[in-house]
Amino acid sequence: MERWTRTHRNLLWAVSAVTIGIALFLVFLVAPREATMGDMQRVFYFHVPAAWVGYLALFVSFVASLLYLRRRESRWDRLALSSAEIGLVFITEGIITGSFWAKATWGVWWTWEPRLTTSAVLWAIYASYLTLRRAMEEQGRRERVAAVYSVLGFVAVPINFMAIRWWRTVHPLVFEGGGSNLTPAMLRVLIFCIVSFTLFYLAVLSLRLGIAWAEEQVEQLRYE
Amino acid sequence: MSLARQVWTLVLKDLSLEKRSREMLSSMFIFALLVVLVFSFSFDLRVEVMSGVAPGVLWVAIAFAGMLGLARSFVLERDQGCLDGLLLCPVDRSLLYLGKLVSNLLFISLTELVVVPLCFALFNLTFHWLLLPIVLLGTIGFSAVGTIVSAMTVHARAREVMLPILLFPLVLPVLIAAVKLTGGVLDGQPWREIQNWMQLLVGFDVIFLVVSYLAFEYVIEE
Amino acid sequence: MVYLFAAFLVLWSITFGYLFILGGRQRQLSQQLASLRSQRAAPAEAPRDRAMPEEG
C-alpha cells in the first residue's frame, strides 16, 4: 500500500467519500423506520460498522505483528502500528455510539455485560499497546516487544467473546441463531454501511502508513 | 540436564536469592494484608452483607500483591546484570520462562497462604474444597501472562506503571472468572450454573501458557 | 431524537478530528524530510561563520 502512487490514494479517498455520502443518504432517507425504537435505531447503521472496522483493524494489526516476529521486516511493524492506532479510534467510536444507543433503549449509559466489557477490555489492550510503544526507546526491541503484546492482546479476544456465549446478555443479539431481527431492507443498508466504512478504513490506513514510513525516513536521516 | 532439572535449577536460584534478602515476600505479604484490611474496613461502613464483596476483595488483593512480585522478579535480574548471564546459559530461552513462571507461582502462592485465611476470618466465610483448585487455576493464569509481561516491561521507561497498565486488560478474564467462581462456590450455587466459568478459566490458562511459552524468546532476545 | 444527533456529532467529530491530526503530522513530516534532505545535500555554511566572530 505504501508503494501506491498519489493517484491511487486519491482515488481511494474519492471512492470512500462517495460511498459514505451514499450511506448517509440511505441511512436517513431510505432505511425504514423501526417499529419500537423509532429514528434512534439509525445509530445502529453506524455503530455496527464502526465496531466491525475496529475489530478488523485490530485483527490486521495482530496478523502484521505475527508477520513481523517471523520476518522482521519493518513494513509489517508499520502496518501493525498504523492499523492498531486506527482500530483504537474506530473501537472508541463504536463504544461511544453504542453507549448512546444503550442510553436511548435501556436507559443506562453503560452496563458491565459481557460484550460491552469485551470491547472495553479490547480498547484498554490497544491503548496500552500504543503506550508501550511510546515507553520503549530501544529500536528493534520496541517493535518486537510491542508485536508480542499485540499477539497476546488479540488472543484474549476470542476468550472474552466466549464468555458472551455462555452468559445471559442484554446486548441485542441481532445475528443470533442464523436468523436476524432486521428486515431485508435494513440488512441491505447495514451491509452497504459496513462496506463503505471498510473502504474508509483502507483510505485512512494508506494515509497512516505513509506517515509511519515518513517517520522512519526522518529517523534514518537524522542518525546517519 | 533434563528439562525438569533445568527448570528446577532456575527456580532454586530465585528461591535462594529471596531467602537471602527476604524483601520481596515480605512486601507482598504486607501489601496484600493492607489491601484486604482497607477494603474490609471501607466496605464494612456501607455494605450490609460483607460476604458479597469477599470474592472481589480476595482477588484484588491477590492481583495487586502478585503484580508487586512480578515487577520485582525481572527487575532484579536486569539491575544486577543477571539477565545477560541467564541468556548466556546453554538453556532453551523458553525454559527461562518456565523457570520464572514457577518461581512467580511459588511466591504468589505463599502470599495467598496468608491472604486467603485472612479473608475468611474478616468476612466470616466457610471453607469449601473447590476453592483450592479455583485459586490455583486463577493464580496460574495470572502468573502465565504476568511473567511474560514483566519481561516485556523490564526495558521500558516507567516500568512500575507499565506493568499494571499492560497486564490488567489481558488478565481481566481470569479475574472475572475467578471472582464468579469463588462467589458461586461460597454462595453454594450448584456446579452446573458456574461450570462455564471454570471452562473459561482452564481454557485461558492453557491458551496463555502456550502462547507465552512460545512468545517468550522474542521478548528476551537481545 | 436528541441522542441520534448527539451520537452522530460525536462520531464524525472523532473521525474528522483524527483525520485532521493525521494531516497535520504528515505536513510536519514532509517539511522535516525536505529540510533534512537539503541539509545533507549542502552542508550548512552559516553556523560556521557565526561560530567564528569577525575580528578587527
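Trainee: Which residues is Ser119(A) in contact with, leaving aside its neighbours within four places in sequence?
Mentor: They are Ile91(A), Gly94(A) and Ile95(A). A contact requires C-beta atoms within 7 Å. This is a predicted model, so these are computed contacts.

Trainee: What makes Ser119(A) buried?
Mentor: The cut-off is 20 or more other C-beta atoms within 10 Å. Ser119(A) has 21, so it is buried. The residue sits in helix α4 of chain A, residues 114–135.

Trainee: How far apart are Ser119(A) and Ile96(A), in sequence and in space?
Mentor: They are 23 residues apart in sequence. From C-alpha to C-alpha, the distance is 11 Å.

Trainee: What span does helix α1 of chain A reach, and what span is expected?
Mentor: The helix covers residues 6–30, which is 25 residues. From first C-alpha to last it reaches 35 Å. At 1.5 Å a residue, 36 Å is expected. The two values are close.

Trainee: Which residues of α1(A) are buried?
Mentor: Leu12(A), Ser16(A) and Ala23(A). What covers them includes α6 of chain A, residues 184–222.

Trainee: Let us turn to chain B. How many helices and strands does chain B have?
Mentor: Chain B has 8 helices and 0 strands. Along the sequence the pattern reads α-α-α-α-α-α-α-α.

Trainee: Why is chain B called as compact as a globular protein of its length?
Mentor: Set its radius of gyration against the globule rule.

Trainee: What share of chain B counts as buried?
Mentor: Of its 222 residues, 42% do. Now take contacts in chain B between residues at least 6 apart in sequence. Of these, 81% join residues at least 24 apart.

Trainee: How many residues of chain C are in contact with chain A?
Mentor: 18 residues of chain C touch 24 residues of chain A. By class, the chain C side has 13 nonpolar, 3 polar and 2 charged residues.

Trainee: What confidence does the predictor give?
Mentor: Chain C has a mean pLDDT of 78. There, 73% of residues reach 70 or more. For the complex, the ipTM is 0.85 and the pTM is 0.84. Where pLDDT is low, predicted coordinates should not be read in detail.

Key:
Residues numbered from 1 in each chain as written. Chains lettered and ligands numbered in written order. Predicted model: local features only at pLDDT ≥ 70, side-chain atom pairs only at ≥ 80, totals over all residues. Helix = DSSP H or I, 4+ residues; strand = E, 2+ residues; numbered from the N terminus. Expected span 1.5 Å × (residues − 1). Buried ≥ 20, exposed ≤ 12 C-beta atoms within 10 Å, placed from the backbone. Contact = placed C-beta atoms within 7 Å. Rg over C-alpha atoms; globule rule 2.2 N^0.38 Å. Nonpolar A, V, L, I, M, F, W, Y, C, P; charged D, E, K, R; others polar. pLDDT = per-residue confidence, 0-100.
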